[in-house]
Amino acid sequence: MAVRTQDARRERTRRRHTAGAVLAGLLLASACAAPRETATGLTAQEVGATLDRRAAAVLAHDTEGYLAATDPGATAFREAQRTELGNLADVPLESWTYQVKGVTRHGADRATADVELRYRVKGYDDAPMSSARTVELVRHGEGGPWYIAADRAGKDAPEQLWQQGDVEVVRGARSLVLGVGRRTGELRRIADTVDRAVPAVDESWPVPWAGRVVVLVPESVEDMAGLLDRPAASYRGIAAVTTGAVGGTGRRPADRVIVNPQAYGMLGEFGQRVVLTHETTHVATRSATSATTPVWLSEGFADRTAYRQESRTARELAPELAGAVRRGQLPAGLPSDEDFGFEGDPAKLARAYEGGWLACEMIAEEWGDQDLIAFYRAVGGAPARDGAVEHALQSVLGTTPEDFTARWREYLRDRLG
């Protein structure tokens, strides 16, 4: 397949570095949640008081209040913080909170806190985004207030868009596009494309979801990689990814679609439409997707949504797999999760996507759209990965893995041979 997309959940779930655990609770006020005392003699309440002042200043766009929580002697850090707050100025924030996870004391006047930043974008996030931060604190004299002397991403945590530059905001009817270093017209076209994608996703996935999408457009693929905490080489040929926690808890986490401006910009109108419809599908299906969902199903369903209103043939949409079928190289089984790795053979990756798409196409054609949706939800709702697909094949489609695979291989012959 010429257009390559990725659900960031896939890599991070498989490697236990998920794009985020399911985010619990809607925190609407700038307050820290249930801080606990530490064994060091410094309480999380003390740290939380400093962070509370900072959170209130973010929501009020109060520069002086924001800087009042930072170390007066850390001149360079204070200026960087002033810039960072300015970068956030146009982002419509509804909440901004900190939760102190733990505090380590370094002598009488220095400490390090592990903190979870949670924030929500007004009108778009049903639950907060979450980001682990490491905050260094100092005080000047015993009994004095604690100040923030440094603030950085926590272990295995990504950067935030506003740390990369001034964030420009473009609002669509069903989309919010946040960009850094990109032209306004480019961001507007992305918003328009997402606005058209949402109704297409509603038709394919008639299950309640937010119906709104937040898209991040960084300046470069290197900046995109920073937002994902992954090497840039992993994303050079990837037009867009979707981040978000998986799991059917009934409370959807906040998703973000992140665009690689270089790869996305090389696509034509058809490719861009397919990419953003595919990624919007991941946003819609997130709460029904879990670690029990095989990648062929989540990616195949997203591709089916993206392609279902297009007039191109299966051979045009699955050229790599069609070539393999014509050469007599019919795949023996459905693609494995490992087949979707981006570090390997691009042709093998394309065949994996194409095979997953055609498996979902087959279910829709032979069992119907409602059974495809029921099958997707049954697999994602299974208590464990082992047996999830097998049980859903039997309970929803009335078939076995062996029969399903044989029917899929025959379907490939019919559609691609």
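1. In this predicted model, strand 6 and strand 7 form a hairpin, with three residues between them. The two strands, residues 168-171 and residues 175-179, pair in the antiparallel sense over four bridges. Within this pairing, R171 stands opposite L176 in strand 7.

2. Leaving aside residues up to four places away in sequence, V215 touches L176, V177, L178, I190, V194, V257 and V259. V215 belongs to the largest nonpolar core, which has 118 residues; W96, W205, V215, L358, F375 and L416 are the members that touch the most others. Helix 12 (residues 346-366) supplies the largest share of this core, ten residues. In soluble globular proteins, nonpolar side chains tend to be buried together.

3. The whole structure contains 27 salt bridges. One of them joins the side chains of R82 and E64 at 4.0 Å, N to O. R82 lies in helix 4 (residues 75-87) and E64 in helix 3, so the pair ties together parts that are 18 residues apart in sequence. R82 is partly exposed at 36% relative accessibility, whereas E64 is exposed at 54%.

4. A further salt bridge links the side chains of D126 and R212 at 3.1 Å, N to O. D126 is in the loop between strand 3 and strand 4 (129-138), and R212 is in the loop between helix 5 (184-204) and strand 8 (213-217); the pair therefore ties together parts that are 86 residues apart in sequence. D126 is partly exposed, with a relative accessible area of 36%, and R212 is partly exposed at 26%.

5. Within helix 8 (residues 269-285), E269 and R273 are separated by about one helical turn because they are four residues apart. They form a salt bridge whose closest N and O atoms are 3.8 Å apart. E269 is exposed at 61% relative accessibility, while R273 is partly exposed at 27%. Elsewhere, R304, R308, E361 and D369 are linked in a network of salt bridges.

6. R118, in strand 3 (residues 110-121), counts as buried because its relative accessibility is 14%, under the 20% limit. The side chain of R118 makes a polar contact with the side chain of E116 at 3.0 Å.

7. H61, a residue other than glycine, has a positive phi near 55 degrees and lies in the loop between helix 2 (44-60) and helix 3 (63-68). D229, also not a glycine, has a positive phi of about 55 degrees and is found in the loop between helix 6 (221-228) and strand 9 (240-243). H61 is partly exposed at 43% relative accessible area, and D229 is partly exposed at 33%.

How values were computed: Residues numbered from 1 in each chain as written. Predicted model: local features only at pLDDT ≥ 70, side-chain atom pairs only at ≥ 80, totals over all residues. Heavy atoms only, no water. Buried < 20%, exposed > 50% of the residue type's maximum accessible area, 1.4 Å probe, protein only. Polar contact = N/O pair within 3.5 Å; in protein donor to acceptor, adjacent residues only side chain to side chain. Pairing = 2+ DSSP bridges. Core = buried A, V, L, I, M, F, W, Y, C linked by side-chain atoms within 4.5 Å. Contact = heavy atoms within 4.5 Å.
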